[in-house]
Amino acid sequence: MKRSPTLLIYLLLAALVASGALWMVGDRMAGSARSVSTGTATIGGPFSLIDQNGKRVTNADYSGRTMVIYFGYTHCPDICPVTLSVIAEALSKLGDDEKRIVPIFVTVDPERDTPQILKAYLAAFGPHFVGLTGNAQEIGLIKKEYHVYSEKQPMPGGDYAVNHSNTIYVMGPDGSFVDNFDETLGPDKMAERLRKDL
């Protein structure tokens with residue numbers, strides 16, 4: 001069966017219009033998928049917690065100093081003591097600049113980590129470490145501000161461990177987010193990064 005030239009022209013035009021429409025839709029969809037984000041990270045915020053001496057402190061108590069903040073718990077069998085040791089060694093390499101930094105350990109296990117427990121635990125890492133605890137709501141709030149994950153994991157015999165994220169946060173003297181890393185950086189490179197962050 002023969003098709004008329006007019007019909008072929010209409011079919012060709014219809015195909016061109018359809019492909020053009022599809023191209024425009026695809027281009028718009030691709031354009032909407034190309035998002036560009038700018039600005040600073042929304043990490044950190046005000047807090048009010050209890051330190052290892054039983055005193056209520058807030059972020060304002062550390063204003064003017066760089067805070068190196070790590071979240072963990074005293075019953076942690078491995079990563080917490082390793083990370084705190086690396087932080088302590090990095091700070092010892094900073095000389096006089098160490099005075100401009102306050103290392104802060106925030107518990108993710110406030111049920112067990114009382115101020116007394118934190119004080120005894122942190123003594124092994126140096127006299128400058130601050131330990132912070134609080135009630136479940138207060139700890140939940142600071143975890144949210146720093147995007148920290150933690151979850152109880154039951155163990156045989158009724159005990160429990162706490163799975164948690166493993167990030168060291170560096171907050172500037174004004175309380176704003178400056179940097180983050182973990183213990184795998186090692187004390188030498190961590191000291192270099194901290195010096196740059198001051």
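Buried means under 20% relative accessible area, exposed means over 50%, and partly exposed is in between, with a 1.4 Å probe and protein chains only. Asp 97, at 22% relative accessibility, therefore counts as partly exposed. We will come back to Asp 97.

First, the ground rules. This is a predicted model, where local features need pLDDT of at least 70, side-chain atom pairs count only at pLDDT 80 or more, and totals for chains, interfaces and linings use all residues. Residues are numbered from 1 along each chain as its sequence is written, and side-chain values use heavy atoms, with hydrogens and water left out.

Aromatics next. Rings of Phe, Tyr and Trp (its six-membered ring) pair if their centres lie within 6.5 Å; planes under 30 degrees apart are stacked, over 60 edge-to-face, and the rest tilted. That rule gives 7 aromatic pairs. One of them joins Phe 71 and Tyr 146. The centres are 5.6 Å apart and the planes make 50°, so this pair is tilted.

Where do Phe 71 and Tyr 146 lie? Phe 71 is in strand E3, residues 66-72. Tyr 146 is in the loop between helix H4 (136-145) and strand E6 (150-154). The pair therefore ties together parts 75 residues apart in sequence. A word on labels: helices (H or I, at least four residues) and strands (E, at least two) are DSSP runs, numbered from the N terminus.

Buried or exposed, Phe 71? Buried, at 2% relative accessibility. Tyr 146 is buried too, with a relative accessible area of 1%.

Phe 71 has another partner, Tyr 169. That pair is edge-to-face, 6.1 Å centre to centre, with 90° between the planes. Again, distant parts of the chain are linked: Phe 71 sits in strand E3 and Tyr 169 in strand E8 (residues 168-171), 98 residues apart. Tyr 169 has a relative accessible area of 6%, so Tyr 169 is buried.

Elsewhere, one aromatic cluster is formed by Tyr 70, Phe 105, Tyr 121, Phe 125 and Phe 129.

Now charges over rings. The criterion is NZ of Lys or CZ of Arg within 6 Å of the ring centre and within 35 degrees of the ring normal. Look at Tyr 160. The charged end of Arg 112 sits over the Tyr 160 ring, 3.7 Å from its centre. The charged end of Lys 152 also sits over that ring, 4.3 Å from its centre.

On to salt bridges. Side chains of opposite charge can pair when their charged atoms come close. The cut-off here is a side-chain nitrogen of Lys or Arg within 4 Å of a carboxyl oxygen of Asp or Glu. How many salt bridges does that give? The count is 8.

Take Arg 56 and Glu 138, at 3.0 Å, N to O. Arg 56 lies in strand E2 (residues 56-58) and Glu 138 in helix H4, so this bridge ties together parts 82 residues apart in sequence. Arg 56 is partly exposed, at 42%.

Next, Asp 188 and Lys 93, at 3.1 Å, N to O. Asp 188 is in helix H5 (residues 186-197), and Lys 93 is in the loop between helix H2 (79-92) and strand E4 (101-107). Those parts are 95 residues apart in sequence. Both ends are partly exposed: Asp 188 at 48%, Lys 93 at 35%.

Back to Asp 97. Its side chain meets that of Arg 195 in a salt bridge, 3.9 Å, N to O. Asp 97 is in the loop between H2 and E4, Arg 195 in helix H5, 98 residues apart. Arg 195 is partly exposed, at 38% relative accessibility. Asp 97, Arg 100 and Arg 195 are linked in a network of salt bridges.
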